[in-house]
Structure formats: C-alpha cells, structure tokens
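Biologist: I am new to this structure and would like to learn how to read it. Could we take one feature at a time?

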Amino acid sequence: MEGALLYGLAMAARSAALGSAAFLLLAGEGPLTRRVTMAAGAAALLLALAGLPATQGWAGWMGALGALGAAGGLVVLAWRGAPAWALLAMAALLLPAALLQAGVHDAALPFLGTLLREAGAALWMGSLPLLWFALAGEGATEAARRWTLLALGGMALALPGVLIAAGEPFGSGALPTLIATLLLLLGLAATSLWLAWRARAGDRAARLRPLGEAAILLALALCGPIAALLAGQAGPALWPALPAAVLALALLAGLVLPVPGVVAGAMALALAAAGLLALGAGAALAGVLAVLAGTARWLAWRGAEGGCETRLAEALWAGLALALPLALLLARAGG
C-alpha cells in the first residue's frame, strides 16, 4: 500500500507541474498560476526525496538525480518569475526522470507507453486546477477555450500509450482494477469533453466551474487504481471501502432527513476521498462506485447554471450510492 500510495502522489504532483506549466504558457499569466506551478514542483521535489530509499539500479538513481534537479529548478524558476517556456521545459524533464526513479525502465516500449500516458494525462488532467482558478477571474471564457486545446491534445497524446498498455500482461487479480480504471477514465473523458464543448459554446464560469470540479475529483481518483496496478497490488481488499459505504448510506438518508447544504457537500467530498483510498488499497469496484457517487453528488450539490448536467447528476448519484453496499456484500461473499 505504501508503494502504491507514494507512486500515486508522485504521479499527481508531476502531472500538476507539467499541466500547470503548459497552461501558463498557453493561457497566459494569472494571479495564482505561478503559485500553483511552484507548489506542484515543491510537492514533486518532496516526493522524489521520499522515494530515495526505494530507488534501485543505476537508471533509478540517474532518474532520482534528474527528478530532484528538475523539480528544484522548477520551484526556483517559478519563484524568480522565469518565462513560461522555461517552466515547461523543467516540468517536461521532470516526467521521464521521475519515471526512471520509480523503476519504469525494464524495456523501451513499456517506458515509452508510460511516458506517453503520463504526458497526455498531465496536459489534460494536470491543467485542471489552473482552469478552476482561471474560471474565478477575468477572461474566464477565453482561458476555458484555450484549455480545450490542452485537453484534446492530451487525450490524443495519451491514446498511443493506452494502446501500448493494452498489450502488457496483467494478472487475473488485476481485472477489477482494470475495469475500475476504465470506468473512471470514461467518466473523466465524458466530463472533460462536455466541459470543452460548453467552453467553446461560450458558457459562463458559473456553469463551467462545477464541471471542472467534478473532473478534478475523477482525475485524482484515477491515481489510485493506476498506482495499484503499477505497484502490483491490485488484489482484492474489502475493509478499506467500508467508510465509503457508511458515508453513502448517510448521504442517502439525506434524501429523507433534512441535511444542511454545506454538510451534504462535505460528505460528498468525503465519499469521493474514501473511494480513492479504497481504490489504492485494491477494493476496486467498490472504490470506483464510491468515487463516482461522491462526484455526482458534488456536481448535483454545486449545480450548474442552466445545465442538464445537474439533473443528470441528481439522477445518477443515488443509484451509484445504493449500489455500493451491494458491491461490498458481493466482494465479501466472493472473498
């Protein structure tokens, strides 16, 4: 669990670093863009340090030195106000170096596939936090339009990597985690494409922000099963998903009992977080149900001005939450 969690956190940090730097170059300066890029670089630096005890082989140590140098350079350049292209170059160097440190260097083709997947995901998903910040300020519509280029380009870049991964062998115990990954990826792709379409249509930020928040939750959740697969810990696990079931039942009780809106929103986030922990521990299908239910409940609670996505979220989240205890019972019976 520790290896999968560390890899997942490092993957999220380097994706945020590359995505933020690319957004900074494409969409221009903003009040918080450099701070987010610098924070992502600092997180990647700390996680590269945390991964030193597990680093193995000459390639791993070369990657570790490269990751430390690139992450540290990114922090310094962002703090000093360097041009956006320089930040993007450092973030681009960080990605392959961190993969080498993590041990993804057994063969050229798997390394290339992982590099393409993570680079595409970084441009697509790692830029989501900056999009969320940009939607709160002036020029939100134009920033959202430019983000669509990152999203579509990232999807196109990640596709060859996904096809390469399809030919890699996984154990039979990895099937639930693979299914969970596919479900989360489809949900994120649908949310991102809908967000891109509404941004191109010129919708207001009040409608785009909830969709961006839902996309961020799904992107974070994807780190769990991917890290579990790469760490070889995709076997069955049940008990980490129990907090998600308890929260789902509490949210369902809110359909009948009066629950303050802020509490309902906090519980939706807690449900998604519990699902993320369950995914990282190997409770794949129960975890993905918790994440999808929490994300749908959050989107329904936040609302989207004049959009059908709110009504769709309200229709979906209760059904997903109802299916969660059943999934836990089936997993217990199968175990």
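Biologist: In which helix is the place of arginine 14?

Modeller: Arginine 14 lies in helix α1, residues 2-27. Helices here are DSSP runs of H or I with at least four residues, strands are E runs of at least two, and both are numbered from the N terminus. Before going on, note that this is a predicted model, in which local features need pLDDT of at least 70, side-chain atom pairs count only at pLDDT 80 or more, and totals for chains, interfaces and linings use all residues. Residues are numbered from 1 along each chain as its sequence is written, and side-chain values use heavy atoms, with hydrogens and water left out.

Biologist: Is arginine 14 buried or exposed?

Modeller: Buried means under 20% relative accessible area, exposed means over 50%, and partly exposed is in between, with a 1.4 Å probe and protein chains only. Arginine 14 has 5% relative accessibility, so it counts as buried.

Biologist: Which residues is arginine 14 in contact with, leaving aside its neighbours within four places in sequence?

Modeller: Contact means heavy atoms within 4.5 Å. With those neighbours set aside, arginine 14 touches Tyr7, Leu94, Leu95, Ala98, Leu99 and Glu118.

Biologist: How many helices and strands does the protein have?

Modeller: There are 13 helices and zero strands. Of the 335 residues in the protein, 50% are buried. Among contacts between residues at least 6 apart in sequence, 78% join residues at least 24 apart.

Biologist: How is a pair of packed helices described?

Modeller: Two numbers are used: the angle between the axes and the distance between the axes. Axes are lines fitted to C-alpha atoms, for helices over the stretch in contact, and angles run from 0 to 180 degrees between N-to-C directions. Angles under 35 degrees count as roughly parallel, over 145 as roughly antiparallel, 65 to 115 as roughly perpendicular, and the rest as oblique.

Biologist: At what angle do α2 and α3 pack?

Modeller: Helix α2 (residues 33-50) and helix α3 (residues 57-80) pack at about 155°, their axes 8 Å apart. That makes α2 roughly antiparallel to α3. The residues of their contact include Met38 and Leu45 of α2 and Leu68 and Trp79 of α3. By class, the contact of α2 with α3 has 14 nonpolar, three polar and one charged. Ala, Val, Leu, Ile, Met, Phe, Trp, Tyr, Cys and Pro count as nonpolar, Asp, Glu, Lys and Arg as charged, and the others, Gly among them, as polar.

Biologist: At what angle do the axes of α2 and α4 cross?

Modeller: The axes of α2 and helix α4 (residues 84-101) cross at roughly 25° and come within 12 Å. The two helices are therefore roughly parallel to each other. Arg34, Thr37, Ala44 and Ala48 of α2 meet Ala84, Leu87, Leu94 and Gln101 of α4.

Biologist: How far apart are the axes of α4 and α5?

Modeller: The axes of α4 and helix α5 (residues 108-124) are 10 Å apart, at an angle of about 130°. That makes α4 oblique to α5. Among the residues in this contact are Leu95 and Leu99 of α4 and Glu118 of α5.

Biologist: How many residues of α12 are buried?

Modeller: In α12, 15 of the 19 residues are buried, so this helix is largely enclosed by the rest of the structure. Glycine 303 follows α12, with a positive phi near 75°.
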